[in-house]
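Here are a few exercises to work through with the structure open beside you. Try each task before you read its solution.

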Amino acid sequence: MQHTLDQPLLEIDHLTRVFLSRQGLSVTRLEAVDDASLTLTAGKPEIYALAGESGSGKTTLARMVLGLERPSEGTLNYKGRSVGELSARDKRTWFYKEVQPVFQDPFATFSPMKRIDSYLYETARNYQVAKGADVDKRIDEALRVVGLTLAEVRGRYPNELSGGQAQRVSIARALITRPSLLVADEPVSMLDASLRMSILNLFKDLRDKEGVAVLYITHDLATAYYTADRIGVMLRGWIVETGPVERVLGSPLHPYTQLLKSSVPQADPDKAWSAEPTLAPRPVTFPVSGGCKFAARCPKVMDRCRVEIPASYEAEGRSVKCFLYA
Ligand SMILES: Nc1ncnc2c1ncn2[C@@H]1O[C@H](COP(=O)(O)OP(=O)(O)OP(=O)(O)O)[C@@H](O)[C@H]1O
């Protein structure tokens with residue numbers, strides 16, 4: 001495919017996804033993702049964490065990146081091509097090899113009635129990654145990247161594996177096509193705290209040794225801090241603050257990120273594991289106004305915040321959607 005290194009791997013520009021729901025005679029409009037922008041460069045693979053409370057739009061954004069949901073507005077390009085406009089054939093022969101999902105619960109991904117290696121063979125067959133004996137070789141290679149082998153996994157059923165092993169197999173399945181981008185939606189939230197680190201370290205290895213970029217979707221700031229190079233903090237569809245994770249979580253600028261950080265014991269994974277840190281509880285009410293979505297809860301709210309939508313401003317090495325930095 002025509003792709004040059006100076007072209008971004010993933011380019012999301014003012015992306016919006018609207019859901020309309022009918023209640024009686026009225027139709028309500030929900031911007032699950034609202035004017036969100038982020039870019040992953042092609043030259044240097046990175047782990048980008050998309051963090052936010054439940055309902056903030058993380059999964060909807062991930063589903064659009066995976067081509068499973070169509071954007072309502074804005075641009076979503078992968079290696080310079082609009083994902084929404086790819087033909088079914090282009091998706092099958094190119095896009096789905098390049099961009100692979102990793103799901104939250106490996107035991108929900110794999111049927112208990114099917115041998116777990118059958119999923120690996122199915123992926124190898126669907127994407128025609130190899131022929132004959134090379135199929136086993138390719139599957140074994142992918143399993144070795146995650147610390148397993150085909151000999152260990154062959155013939156086994158999901159319930160014969162631990163949660164950590166099952167998630168490794170699910171990551172190996174994603175690697176069979178040699179993707180450039182993994183979209184991992186809460187990939188460690190079902191695992192015991194002790195296993196989380198090993199899977200998160202695996203993502204770092206994939207970035208460093210295999211050149212795979214990862215879009216890491218999480219509600220957990222401590223694992224985002226531990227794993228990611230950059231982070232985007234989502235609030236009701238907006239990305240309110242984005243930049244290097246040490247800056248954004250080390251010294252947050254957006255009042256919402258500041259609130260989130262204060263609700264986490266400390267953004268130090270070694271100390272925070274037992275505390276199971278999560279983001280602040282979902283607000284009970286969140287009045288909709290024409291202005292900033294955080295205005296009703298913001299301790300630094302100004303008059304204009306209630307009527308105008310802030311742009312994203314560059315400040316201290318990150319981008320912040322807040323008038324304080326205009
Ligand atoms: N198909 C749909 N139809 C209508 N509304 C939807 C649909 N999918 C998502 N939503 C709504 O969009 C908003 C964002 O949902 P989304 O699942 O993207 O959030 P999230 O941050 O991933 O949350 P969670 O962590 O709970 O999965 C929610 O209010 C959700 O109810």
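First, a term we'll need: a residue is buried if 20 or more other C-beta atoms lie within 10 Å of its own, exposed if 12 or fewer, and partly exposed in between, with C-beta atoms placed from the backbone. We're working on a predicted model, where local features need pLDDT of at least 70, side-chain atom pairs count only at pLDDT 80 or more, and totals for chains, interfaces and linings use all residues. Residue numbers start from 1 along each chain as its sequence is written. Helices (H or I, at least four residues) and strands (E, at least two) are DSSP runs, numbered from the N terminus.

**Exercise 1.** Work out why Glu314 counts as exposed.

Solution. Start by locating it: Glu314 sits in strand β11, residues 313-315. Next, count: Glu314 has 10 C-beta neighbours inside 10 Å, so it counts as exposed. Finally, look across to Tyr325, which is eleven residues away in sequence, with 7.6 Å between the two C-alpha atoms.

**Exercise 2.** Find out how strand β3 is covered and which strands it pairs with.

Solution. Begin with burial: six of the six residues in β3 (47-52) are buried. Then sort them by direction: Ile47, Ala49 and Ala51 point one way, while Tyr48, Leu50 and Gly52 point the other way. Now for pairing, which takes at least two DSSP bridges between two strands. β3 runs parallel to β8 (residues 213-218), joined by five bridges, and Ala51 has Thr218 as its bridge partner there. β3 also pairs with β9 in the parallel sense, over five bridges; on that side Tyr48 is partnered by Arg230.

**Exercise 3.** Describe the shell around the ligand.

Solution. Take a residue as near if its C-beta atom, placed from the backbone, lies within 6 Å of the molecule. That gives 13 residues around the ligand, with Phe19, Ala32, Ser54, Thr59 and Thr60 the closest. Elements giving two or more residues are β1 (10-23), β2 (26-40) and α1 (58-65). The largest share, three residues, is from α1. By type, the shell has three nonpolar residues, nine polar and one charged (nonpolar: Ala, Val, Leu, Ile, Met, Phe, Trp, Tyr, Cys and Pro; charged: Asp, Glu, Lys and Arg; polar: the others, Gly among them).

**Exercise 4.** Which residues of helix α11 are buried, and what covers them?

Solution. In α11 (residues 255-262), the buried ones are Pro255, Tyr256, Thr257, Leu260 and Lys261. Using contacts (C-beta atoms, placed from the backbone, within 7 Å), the cover includes α9 (221-227), β9 (230-235), β10 (238-244) and α10 (245-250).

Methods:
Two residues are in contact if their C-beta atoms, placed from the backbone, lie within 7 Å.
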